Amino acid sequence: TSPMVDRVRRAIGGQLEALPTTKQHWFLSDLEECQGQADRGDMSLIGMLAQTMHRDGVLRGLLDVRTSITSLPRRFRGGSTPLGREVIEVLQSKNGSDRSVFDEMLPTAELSRICEDGLVCGVGVGELVPVVGRNFPVLVRRLPQNLWYLWNQNQWFYRSIAGLIPIVPGMPDENGHCWVFYTPGGRILPWQYGLWTALGRAFISKEHAFYSRQNYIAKLANPARVAEAPLGASQSERTGFLRDVIKWGLNTCFELPVGWNVRLVESNGRGFQVMQDDITECNKEFAVALCGN
């Protein structure tokens, strides 16, 4: 409710986040740093890891399947009282669009992202933001990497461009903004029960195996060309012969005198299998961690 926060928010169109920080290259040792930083209350590295893992197609597909429950048909409870029935009717009513008030207020994409943050990071955060010209707000998912837990205050904060903002779920401020806080990892140390440890280890191992396999393919996919010159060949003859071999293109033919030879040396094509096995094992670990099988 600080006036400074309101002024900063209005100045940049209602945004809270600073420019996101993305860590592109990860190593297994980074997981230890993630754990230590989170135990001090800082969710920065865990949030960055969760965001980076989206570039893996298998993991992203499994996460989409796991969080697709937010788009399934809903059943409302609490209609046994007149007030409950009225609330349900309002949520299910249309407000000048094809979607219900519930869907307008809580978009499926935002709900899915918050559910995903809860699964991976152990905690998710969002904000109900007022909409000009509408009498109900819209849910906006906020980045979990900006979460900060202060142990000495037993309080979660959100690091915004206007400073640390205390998170008090369900209590709207004077402008109508209201925090939504999701902790499927529990109330105490929720980050320790997120899937980021298992998924992160598999993701990092898979990334390294993938690039090692690509490096193997780039080096050994094409056979090596070997030119054998006889012992009596001069240096100029060898240089000219090597130049012709380097120019070897499609459908090239050689007519060689006795003692000269050209051949190909091919890899047995099995060296990459160890990398492929590692990738397959990591994909299996993704599936078991997210889906249980």
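This is a predicted model: local features need pLDDT of at least 70, side-chain atom pairs count only at pLDDT 80 or more; totals for chains, interfaces and linings use all residues.

Reader: How many of the nine residues of H3 are buried?

Author: Burial is judged by relative accessible area, and a residue counts as buried when that area is under 20%. In H3, the residues that are buried include Ser44, Leu45, Ile46 and Gly47. Met48, Leu49, Ala50 and Thr52 are buried as well. H3 is therefore largely enclosed by the rest of the structure, and the number of its nine residues that are buried is eight.

Reader: Which elements are included in what covers the buried residues of H3?

Author: The cover includes one strand, E4 (155-160). It also includes helices, and these are H2 (28-39), H7 (108-121) and H8 (196-220).

Reader: Is threonine 52 buried or exposed?

Author: Threonine 52 is found in helix H3, which spans residues 44-52. Its relative accessibility is 6%. Because the limit for burial is under 20%, threonine 52 counts as buried.

Reader: Which backbone oxygen does the side chain of threonine 52 reach at 2.8 Å?

Author: Two backbone oxygens may be considered here. The side chain of threonine 52 reaches that of lysine 23 at 3.1 Å. Lysine 23 is also among the contacts of threonine 52 once neighbours within four places in sequence are left aside, as are Trp26 and Phe203. At 2.8 Å, the backbone oxygen reached by the side chain of threonine 52 is that of methionine 48.

Reader: Where do the buried residues of helix H5 lie?

Author: Helix H5 covers residues 82-92, and its buried residues are Gly84, Ile88 and Leu91. Seen down the axis of H5, these buried residues fall within an arc of 65 degrees, so they line one face of the helix. On the other side of H5, the exposed residues are Pro82, Leu83 and Glu89. What covers the buried residues includes helix H6 (101-105).

Reader: Which residues is cysteine 282 in contact with, leaving aside its neighbours within four places in sequence?

Author: Cysteine 282 lies in helix H10, residues 273-291. Its relative accessible area is 4%, so cysteine 282 is buried. With neighbours within four places in sequence left aside, cysteine 282 is in contact with Ala202, Ser205 and Lys206.

Reader: How far apart in space are cysteine 282 and leucine 150?

Author: In sequence, cysteine 282 and leucine 150 are 132 residues apart. In space, taken from C-alpha to C-alpha, their separation is 35 Å.

How values were computed:
Residues are numbered from 1 along each chain as its sequence is written. Side-chain values use heavy atoms; hydrogens and water are left out. Helices (H or I, at least four residues) and strands (E, at least two) are DSSP runs, numbered from the N terminus. Buried means under 20% relative accessible area, exposed over 50%, partly exposed in between (1.4 Å probe, protein chains only). Contact means heavy atoms within 4.5 Å. A polar contact is a pair of N or O atoms within 3.5 Å; within protein, one must be able to donate a hydrogen and the other to accept it, and residues adjacent in sequence count only if both atoms are side-chain atoms. The arc is that of the directions from the helix axis to the C-beta atoms.
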